[in-house]
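Here are a few notes to read alongside the model. Have a look at it before going through the points.

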Amino acid sequence: MPLRTLSSALVGPGLGWSRDFCNFHVDKGYAGRAPRADLLAWLAERRLDAAGCVAMMTAVPLAHLALEEADAGERTVLAAVTAGVGNAVDITAPVQGDPRLVAGTINLLVFIDGHLGDGALVNAALSASEAKVRALDACGVRDPHAGTPATGTSTDCLAIAATQRGAPTPYAGSGTRLGRAIGGAVFRAIRTSLAAAEEGAR
């Protein structure tokens with residue numbers, strides 16, 4: 001069934017309806033100059049209609065995908081995360097002299113079995129983003145260029161997808177059970193994915 005989606009992905013951006021959610025693995029040396037075209041080609045190879053897809057890419061091994069569920073009463077949440085922080089960035093740090101552009105990505109897919117208005121989808125994106133920052137802080141991730149706590153990477157991608165079943169809600173922020181469920185699931189999933197990457201590097 002199609003899900004109501006808010007996404008920052010190159011394929012399936014903005015508000016829409018999506019059936020397929022794809023997270024393609026690329027080599028760490030990937031330097032595609034047309035990443036959207038590459039994503040579209042990979043979808044076509046799999047006979048997936050790009051009009052109904054959200055597609056992201058990551059250099060994180062897909063074996064490090066973390067899945068975390070959370071219960072919000074009438075609504076449930078599933079966070080699917082691949083997290084790499086080789087390009088950790090503090091978004092508040094000065095950009096002058098920063099040589100980094102790409103590499104290292106945190107891809108967040110948050111699935112909600114619930115009915116969210118457009119404002120609630122934005123709320124959910126805020127809740128997931130706040131949880132991401134908390135997870136990075138808990139893991140001690142820092143921006144190596146600025147020397148300050150990291151808030152993400154320069155290529156992070158986020159999608160919120162809701163089934164639109166049940167009673168509609170206009171809210172999904174930290175003042176709601178749903179927002180807290182999103183935050184908890186994303187927090188745990190990022191930490192789990194980063195721990196898998198650290199274990200794999202040993």
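1. Which residues do ring pairs link into a cluster? They are F24, Y30 and W42. Rings of Phe, Tyr and Trp (its six-membered ring) pair if their centres lie within 6.5 Å; planes under 30 degrees apart count as stacked, over 60 as edge-to-face and the rest as tilted.

2. A word on the basis: this is a predicted model, where local features need pLDDT of at least 70, side-chain atom pairs count only at pLDDT 80 or more, and totals for chains, interfaces and linings use all residues. Numbering runs from 1 along each chain as its sequence is written, and side-chain values use heavy atoms, with hydrogens and water left out.

3. There are three aromatic pairs in the structure. F21 and F111 make an edge-to-face pair, because their ring centres sit 5.0 Å apart with the planes at 85°. Since F21 is in strand β3 (residues 20-25) and F111 in strand β8 (residues 106-113), the pair ties together parts 90 residues apart in sequence. Strands (E, at least two residues) and helices (H or I, at least four) are DSSP runs, numbered from the N terminus.

4. Y30 and W42 form a tilted pair, 6.5 Å centre to centre and 55° between the planes. Y30 counts as partly exposed because its relative accessibility is 25% (buried means under 20% relative accessible area, exposed over 50%, partly exposed in between, with a 1.4 Å probe and protein chains only).

5. Now for T176, in the loop between β12 (168-169) and α3 (177-201). T176 is also partly exposed, at 22% relative accessibility. Its C-alpha atom is 8.7 Å from that of A72, 104 residues away along the chain.
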